[in-house]
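Take a look at the chain below. The walk-through covers charges, rings, the surface and a few backbone details.

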Amino acid sequence: MKKILWLVLALIVLISVFLLSANLIADYLWFKELGYVSVFFTQLVAQVKIGVPLFAGMLLLCCMYLRILRRKYYNAVPLYGDDKDKMIRWSGWLISGVFSLVVSAKVISNMWFQMLQFFNSTDFGIADPIFGKDVSFYIFKLDLLTRLNENLLSIVFLFAVAVVAYYLIMIALRPPRFFERTYEDAYTYEEPQQSNNPFGQMFGQHNRSRVHKSLDKEGVARLISLTKVPLMIMGILVFLMVGFHFYLLQFRMLYSGVSDTVFGASFTDINISLWVYRVLMALSLLGAVAVVFAFNRKRWKYVAAVPVLMIAVMFGGSLIAGGVQSFVVSPDELNKEAPYINNNIEFTRYAYDLQDITVQEYAADTKLTIDDIADNVGTLSNIRINDFEPVAKFYNQTQSIRSYYHFLDVDVDRYMVNGDYTQVFLSAREIDSSATGDQWLSSHLKYTHGYGITLSRVDTVTESGQPDMLIDSIPPVSEVAEIMITRPEIYYGEAASDYVIVNTAEQEFDYPSGDSNVYTTYQGEGGIPLNLLNRALFAVIEGDTQILVSTNINSNSKILINRNVLDRVQKLAPFLYYDGDPYIVVDGGELYWMIDAYTVSDNYPYSEPYISSSGMINYIRNSVKVVVDAYDGDVSYYIVDEEDPLALTLQKIYPALFKNYSEMPDGLKAHIRYPDAMFSIQADVFSKYHMTDAGVFYHNEDRWALATEVYGSTTSTMQPHYYIMKLPGEAEAEFISSVPYTPNGKSNMTALLVARSDGEAYGELVLYQFPKDRLIYGPQQVEAQINQHTEIAQDFTLWSSAGSTYTRGNLFVIPIDGALMYVEPIYLESASSSMPEVKRVIVYYNEKIAYADTLADALDEMFGSGAGDILGGGTTGEPDSTPDTDVDTTDMAELAAAANRAYDNARAAQKNGDWAGYGKYLEELQ
């Protein structure tokens with residue numbers, strides 16, 4: 001029976017351990033699947049390397065001190081309970097163990113990563129202008145030192161608790177004999193004789209002395225004296241920690257943000273506050289000495305005087321700082337703050353990677369000719385006349401094929417299309433798990449993956465105004481020789497949210513084919529094998545017993561987990577910040593996801609913070625590109641900025657995780673792009689920090705703002721847009737992103753900021769600055785002129801009255817051969833259809849507006865007949881649906897003429913207020 005009980009107990013322990021460690025085991029298996037076991041163990045090894053020595057040191061220190069304390073306690077006064085020594089010794093070990101364990105756990109859980117950064121830090125090669133320390137001190141070390149100082153205070157407190165607890169245990173088990181005994185007044189007491197009297201025993205006599213007790217004052221004094229040393233040590237440590245706190249505070253002035261004029265340390269900070277901190281540091285050291293003096297000489301007033309002095313210094317310092325700011329700085333603020341403003345400008349520009357922007361003057365003249373248009377075919381043939389939202393609607397309505405497929409979003413990229421460098425839209429066709437039903441088999445075994453992509457040009461549409469498809473259908477049909485897809489299955493994507501199990505007895509749905517379906521079996525290397533132990537493990541983790549009991553799962557089955565690409569990379573490397581918009585890439589017939597990853601910090605000295613989606617930062621680099629195989633789930637991290645000290649430090653910590661950019665396949669290199677998320681932050685910061693003169697910056701004389709536009713029917717701030725464009729002075733068109741600026745509070749345009757994405761020019765920022773001596777129309781001013789255009793206004797009114805919805809697309813600012821051209825597409829969505837169509841294209845140049853059905857026609861209208869020939873008419877010449885076979889195509893010209901007459905009559909009736917006639921002609925037009 002005893003053996004059975006022990007067996008049951010052991011089984012319970014094993015099951016408990018298994019349940020408690022299930023997630024850890026699953027994480028290990030997942031890291032192993034990806035080939036990053038060393039990454040998984042980095043944290044564990046670091047915590048062991050830090051925690052074990054720390055635990056051993058704390059344990060040894062605490063045990064030695066408690067042992068000394070025990071001996072002194074034994075020697076201080078006589079004690080009762082001589083048989084309790086062993087229990088007291090064991091309690092000392094227990095208290096020391098608990099104390100050491102708590103301290104170690106607290107330190108390694110909060111600071112292991114900061115310690116790795118501290119010991120693997122990479123120098124920036126830039127010294128701060130006040131203390132001369134390399135910036136790496138602020139990025140990698142200051143935070144750790146601050147945390148250590150804060151934790152040391154907790155350790156001192158916990159140590160005090162441990163000592164008090166040990167005192168109480170010793171007093172409880174071996175209480176001190178505080179009272180001395182004396183014997184007085186001897187007398188004789190005799191025992192009574194045996195008697196039948198039941199009270200006889202109460203009356204007898206014995207020889208006995210009366211016992212009196214008196215307090216052992218000397219013993220009590222010795223016992224109290226035992227607290228002298230620990231209290232003295234605690235007092236010294238507290239003062240030293242306070243002093244170290246003020247030592248660290250002086251460095252934090254460099255990103256204090258207290259002054260309204262300059263971010264970082266200002267004139268008053270350096271000349272007053274810094275000296276206050278230094279005086280407080282000196283007083284803290286004096287306080288530590290005063291503690292020793294007080295305990296030895298019992299002059300407690302000296303210890304009490306130090307905190308009073310410190311409070312007085314802080315209060316006096318704040319008064320002096322306020323006085324200096326009001327009476328010394330404010331009357332001559334620019335001269336006083338100029339050096340610190342320059343520090344702010346220099347360090348902020350570097351922190352946001354704005355220090356190397358190339359500035360070029362751009363004439364923005366009005367000398368374009370039809371020959372100039374012909375010379376810029378690479379730019380004009382890639383102007384985006386379609387938009388993300390209409391394209392997304394079109395993809396989902398025409399290319400989903402089945403209700404369980406959907407396109408989550410639309411990405412923009414560039415590919416070679418029939419020999420031409422072409423900007424395209426593309427999107428991944430993924431499984432919508434909410435549309436596959438609630439059955440476990442369907443959700444986890446049958447519908448395991450999405451299938452293929454769609455791809456269309458951004459610059460052309462069909463005759464009905466819909467995207468010009470280059471890759472469509474299931475299986476993917478490509479009209480582009482350069483883009484063929486041989487592995488269209490998407491097991492890992494943006495929409496994937498749950499686990500799936502592959503290689504089971506149940507074949508996976510691959511894609512629909514007519515009235516039937518095609519099935520497949522996973523051939524990839526991804527997934528964790530489902531042996532019996534792993535089945536039990538994942539049944540526990542997923543809370544799903546089907547994993548354990550399903551007869552469809554066999555020895556060849558594998559479970560695919562963490563299939564959402566953003567969740568996947570976040571779990572693998574949580575110390576990076578990730579762009580929220582992964583984009584699909586085709587290379588060598590296979591599909592990959594690309595994700596931009598950022599290294600950020602909020603500890604860069606003198607750099608003004610920026611509130612981003614990731615929180616408050618004041619340093620950012622897009623140093624890492626992450627590639628996820630959509631079929632196998634393999635994840636690769638490539639460092640593209642090999643000068644970023646944060647990325648290099650991470651590479652030292654995780655050498656197996658990061659690869660050099662040179663290791664990225666060329667086919668993938670062709671699709672890296674400068675991320676709009678980072679470019680938006682830089683553009684926003686640069687609107688203020690393009691001013692490099694301290695006087696101009698102080699007076700905010702030349703503050704810029706991001707231009708605004710009318711998008712849809714509302715005014716909004718312009719966001720960066722990708723283009724293929726031949727930049728001024730360059731020989732070939734390239735993939736860029738740009739955003740225009742206007743002076744703050746005004747509408748005219750002052751500059752255009754461009755980020756380059758191709759080849760060796762990747763990451764270069766170029767600012768095209770426009771003349772300040774004449775008016776250059778900004779986007780909002782162009783939008784106003786469009787609003788005033790008679791024909792455009794009439795069309796908008798007509799469409800709205802007919803129950804349709806028109807939408808104004810993005811306004812694109814296109815620099816061409818020293819001139820500026822603006823292009824805006826117009827979309828129309830009828831009440832009976834939810835697919836917006838491109839109906840008109842507006843071109844604005846030199847205070848003129850061309851308004852036509854296509855960009856080619858608009859160019860003809862603007863620059864003369866033949867200007868749009870380079871675009872081939874702007875449509876594919878193929879409608880997106882089959883024409884009505886009842887209509888004789890020879891009558892098309894007559895029908896078009898009749899439609900035009902009805903349209904003109906409707907507008908005339910509307911103008912004359914003839915609403916009955918307006919309705920009649922509108923019906924005729926429809």
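How many salt bridges does a search of the whole structure find? The search finds 26. A salt bridge here is a side-chain nitrogen of Lys or Arg within 4 Å of a carboxyl oxygen of Asp or Glu. The model is predicted: local features need pLDDT of at least 70, side-chain atom pairs count only at pLDDT 80 or more, and totals for chains, interfaces and linings use all residues. Residues are numbered from 1 along each chain as its sequence is written, and side-chain values use heavy atoms, with hydrogens and water left out.

Side chains of opposite charge can pair when their charged atoms come close. Start with Lys336 and Asp332. They form a salt bridge, with the closest N and O atoms 3.3 Å apart. Lys336 is partly exposed, at a relative accessible area of 24%. Asp332 is partly exposed too, at 28%. The cut-offs are these: buried means under 20% relative accessible area, exposed means over 50%, and partly exposed lies in between (1.4 Å probe, protein chains only).

Next, go to Glu829 and Lys393. Their side chains meet in a salt bridge at 3.6 Å, N to O. This pair links distant parts of the chain: Glu829 is in strand β34 (residues 819-829), Lys393 is in helix α13, and 436 residues separate them. Helices (H or I, at least four residues) and strands (E, at least two) are DSSP runs, numbered from the N terminus. Glu829 counts as buried, because its relative accessibility is 18%. Lys393 is partly exposed at 28%.

A further salt bridge joins Glu837 and Lys839, at 3.2 Å from N to O. Glu837 has 21% relative accessibility and is partly exposed. Lys839, with 26%, is also partly exposed. Elsewhere, salt bridges with shared partners tie Glu730, Glu734, Arg756 and Glu764 into one network.

Now the rings. A pair of aromatic rings is described by the distance of the centres and the angle of the planes. The structure holds 54 aromatic pairs. Rings of Phe, Tyr and Trp (its six-membered ring) pair if their centres lie within 6.5 Å; planes under 30 degrees apart count as stacked, over 60 as edge-to-face and the rest as tilted.

Why is the pair of Tyr395 and Phe407 called tilted? Their ring centres are 5.8 Å apart and their planes stand at 55°, so the pair is tilted. Tyr395 belongs to helix α13 (residues 388-398) and Phe407 to strand β4 (residues 405-407), so the contact ties together parts 12 residues apart in sequence. Both residues are buried. Tyr689 and Phe697 make another tilted pair, because their centres are 5.2 Å apart and their planes are at 45°. Tyr689 and Phe697 are buried as well.

Rings also gather in a group. Phe124, Phe140, Phe347, Tyr350, Tyr604, Tyr606 and Tyr619 form one aromatic cluster. Charges meet rings too. The charged end of Lys141 sits over the ring of Phe118, 5.6 Å from its centre. Arg278 lies over the face of Trp275, at 4.8 Å from the ring centre. A charge sits over a ring if NZ of Lys or CZ of Arg is within 6 Å of the ring centre and within 35 degrees of the ring normal.

Which face of a helix is buried? Look at α22 (residues 779-788), whose buried residues are Pro779, Val782, Glu783 and Ile786. Seen down the axis, these residues fall within an arc of 105°, so they line one face of α22. The arc is that of the directions from the helix axis to the C-beta atoms.

Tyr768 lies in strand β31 (residues 765-769). At 2% relative accessibility, Tyr768 is buried.

Finish with the backbone. The peptide bond from Ile474 to Pro475 is cis, with omega near -10°. Pro475 sits in the loop between β9 (467-472) and β10 (477-478). Ile401 is not a glycine, yet its phi is positive, near 70°. Ile401 lies in the loop between α13 and β4, and is partly exposed at 40%. Asn418 also has a positive phi, about 50°, without being a glycine. Its place is the loop between β5 (411-417) and β6 (420-431). With a relative accessible area of 54%, Asn418 is exposed.
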